[in-house]
Amino acid sequence: MKTEFIKIDFTKPFAEQLSFPARVLAEGGLVAFPTETVYGLGGNALDADAAGKIYAAKGRPSDNPLIVHIARPSDAGKYAQVNDLYEKLAKAFMPGPLTVVLPKKENIPLSVTGGLQTVGVRCPGDPVARELIRLAGVPVAAPSANVSGRPSPTAAHHVVCDLDGRIDCIIDGGEAEVGLESTIVKIDGDRLILLRPGAITPEMLRTVCENVVLDNGILDRLPEGTAPEAPGMKYRHYAPRARVYLLRAENENDEKFDEKAIGFFREKLSEDPNSGILCYDEYLPFLRGEYVYSYGQKQDDKAHSHLLFDCLRRFDETDASAIYAVVGKAEGIGLALYNRMLKASAYTVIYI
Ligand code: TXA
Ligand code: MG
C-alpha cells in the first residue's frame with residue numbers, strides 16, 4: 001500500500017490540507033495524525049472494519065481498547081453516557097491531554113472497546129487533530145501510531161519508521177508537545193480512578209474532584225494473573241531493544257545524588273563504552289561515550305516528557321548493550337514519566 005505523506009503548512013488554513021485524510025477516515029481508511037500527546041493512528045470509530053484494520057496495522061491484541069477522539073467535548077454524549085463529573089472535567093481540561101472512561105452507547109462497536117461496555121473519550125488539544133476529526137464527520141478511534149510494543153511516536157518520522165506502507169496517510173504536524181500519552185481516568189460514582197498518569201496530573205484532577213485514586217499498577221508491578229483496569233497497561237510497553245535500568249535517589253533530598261549518578265555512569269562507560277546513558281544536560285560535560293543522551297536540564301520535567309520516547313527510539317538505532325537512565329521525583333508530570341520508564345525497564349530500579 002502506498003502511504004500518502006502530508007506536511008502541514010501552519011501559515012495556511014488547515015481545512016484544505018486536511019480534506020484528503022478526512023475523506024480517507026470517512027471512507028474507512030487509516031490516517032496517522034499529530035496530537036499534543038503522541039501521534040495517533042486513526043480510523044472511523046463507528047466502523048468495526050476500520051477498528052480491525054487498526055489492530056492489524058499495529059500488530060496489537062484486539063482485547064486492548066481504542067480511545068475515541070472527538071472534535072468538541074460536548075460530542076461525548078453522542079457515544080457515551082456522560083454525567084456531571086464528566087462536564088466538570090471537560091470544562092477544566094478539554095480540549096487537552098485527558099481521556100475519560102464512561103459507559104458506551106450502542107453506536108460504538110465492541111471491537112473498538114476491546115469487548116468492554118465502556119469507552120474512553122478524548123478531545124485532543126492539537127488544532128490539526130480537532131479539525132481533522134471535524135472534517136471527517138465521524139468520531140476517530142486512535143491508539144498511538146506505533147507498532148505494538150515500541151515507544152509511542154512523538155514525531156512524524158517515528159510513524160514513518162513503524163507504519164509506512166501499512167496505512168493510507170500520515171500527517172506531519174511537527175513534534176508532539178507533551179510527548180507522553182494522555183491521562184486516563186475512569187469515573188466511578190463520585191470518584192476518579194487514575195488508570196494512566198499523564199500531563200493532567202493528580203493534583204490538577206483534585207481541583208475538580210477530591211476523590212482521586214491511583215490504580216494499582218501505576219507504580220507497582222501487578223501481581224501475576226491480575227487484570228489491570230486499563231487493559232493496555234498489562235502489555236510490555238515502551239520497550240527499547242536493550243535492557244533498561246533506572247537510576248533513582250535512595251533519599252530524595254540527597255545533595256550528593258548528582259555526583260553519585262555521574263560516578264555510576266562513568267563506571268558503566270568504563271566497563272563498556274557502548275553503554276547507553278540517559279541523563280541531564282548538567283551531566284554531559286562529565287560523560288564521554290557514543291550513546292550518551294540528555295533529555296533536558298535536571299529541573300525541566302516538561303523537557304523530559306517531551307524527549308523520552310525519542311531518546312528510547314534513538315537507542316534502538318544503536319548497538320547499545322544496556323541503557324542506564326536517571327529519573328527524578330514521581331510528582332506532577334514526573335509521575336507519568338516514572339510510570340513509562342518503569343514499564344520500559346520492566347520495573348528495574350537501582351537506588352543510589
Ligand atoms: O494520548 C493518547 O491517549 C494517545 C493519542 C493518540 O490520543 N492514544 C493512546 O492510545 O495512547 P493507546 O491505544 O496507545 O492507549 C490507550 C490506553 C490503553 O492502555 C487502553 O487499555 C486504555 O487506554 N483504554 C482505552 N479504552 C479503555 C476503556 N474503555 N477502559 C479502560 N481502559 C481503556
Ligand atoms: Mg499505545
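Five strands, ordered β14-β13-β15-β12-β16, make up an open sheet in which the pairing is parallel. Its edge strands, each pairing on one side only, are β14 (292-294) and β16 (349-351). On average, neighbouring strands of this sheet are turned by 20° against each other, direction ignored. Here two strands count as paired if DSSP finds at least two bridges between them; helices (H or I, at least four residues) and strands (E, at least two) are DSSP runs, numbered from the N terminus.

This is a predicted model, in which local features need pLDDT of at least 70 and side-chain atom pairs count only at pLDDT 80 or more, while totals for chains, interfaces and linings use all residues. Residues are numbered from 1 along each chain as its sequence is written, chains are lettered from A and ligands numbered from 1 in the order in which they are written, and side-chain values use heavy atoms, with hydrogens and water left out.

### The parallel sheet and its helices

Strand β12 (residues 243-248) is joined to β16 by three bridges in the parallel sense, and Leu247 stands opposite Ile350 of β16. Helix α9 lies across β12, β13 (276-279), β14, β15 (322-326) and β16, and runs at about 170° to β15. Helix α11 also packs on the sheet, where it touches β12, β13, β15 and β16; its direction makes about 140° with that of β12. Contact means heavy atoms within 4.5 Å. Axes are lines fitted to C-alpha atoms, for helices over the stretch in contact, and angles run from 0 to 180 degrees between N-to-C directions.

The loop between β13 and β14 contains Tyr283. This residue is buried, with a relative accessible area of 2% (buried means under 20% relative accessible area, exposed over 50%, partly exposed in between, with a 1.4 Å probe and protein chains only). Leaving aside neighbours within four places in sequence, Tyr283 is in contact with Phe257, Asp258, Ala261, Ile262, Phe265 and Val326. Its C-alpha atom is separated by 9.1 Å from that of Gln297, 14 residues apart along the chain.

### Cavity and pocket

Rolling a probe the size of a water molecule over the atoms shows where empty space is left. On a 1 Å grid over the protein atoms alone, a cavity is a set of points where a 1.4 Å probe fits but cannot get out, and a pocket is an open set with protein on both sides within 12 Å along at least five of seven lines; lining residues have an atom within 4 Å of a point. Grid points are joined across faces, edges and corners, and a volume is the space filled by probe spheres set on the points.

The structure holds two cavities of 30 Å³ or more. The largest cavity is lined by Val244, Leu246, Leu278, Leu308, Leu312, Ile323, Ala325, Met341 and Ala344. At least two residues of this lining come from each of β12, α10, β15 and α11.

Among the 21 residues that line the second largest pocket, Tyr280, Lys298, Gln299, Gly328 and Lys329 lie nearest its centre. Two or more lining residues are given by each of α9 (257-271), α10 (301-316) and α11 (333-344). Helix α11 gives the most, with four residues.

| Space | Volume | Lining residues by class |
|---|---|---|
| Largest cavity | about 40 Å³ | nine nonpolar, no polar, no charged |
| Second largest pocket | about 490 Å³ | seven nonpolar, four polar, 10 charged |

In these classes Ala, Val, Leu, Ile, Met, Phe, Trp, Tyr, Cys and Pro count as nonpolar, Asp, Glu, Lys and Arg as charged, and the others, Gly among them, as polar.

### The mixed sheet

Another open sheet has 11 strands in the order β1-β8-β2-β3-β7-β4-β6-β5-β9-β10-β11, with mixed pairing. Strands β1 (4-7) and β11 (212-214) form its edges, each pairing on one side only.

Strand β9 (residues 183-188) pairs with β10 in the antiparallel sense over five bridges, with Asp188 opposite Arg191 of β10. Two residues lie between the strands of this hairpin, in which Gly189 takes a positive phi near 60°. Strand β10 (residues 191-196) runs parallel to β11, and three bridges join them. Leu194 stands opposite Leu214, and Val213 is the bridge partner of Ile193. Five of the six residues of β10 are buried, so this strand is largely enclosed by the rest of the structure.

Helix α6 (residues 127-136) lies across β2 (31-33), β4 (68-69), β7 (140-141) and β8 (169-172), at about 150° to β2. Helix α7 (residues 156-163) packs on the sheet as well, touching β1, β2, β3 (40-44) and β8; the direction of α7 makes about 165° with that of β8.
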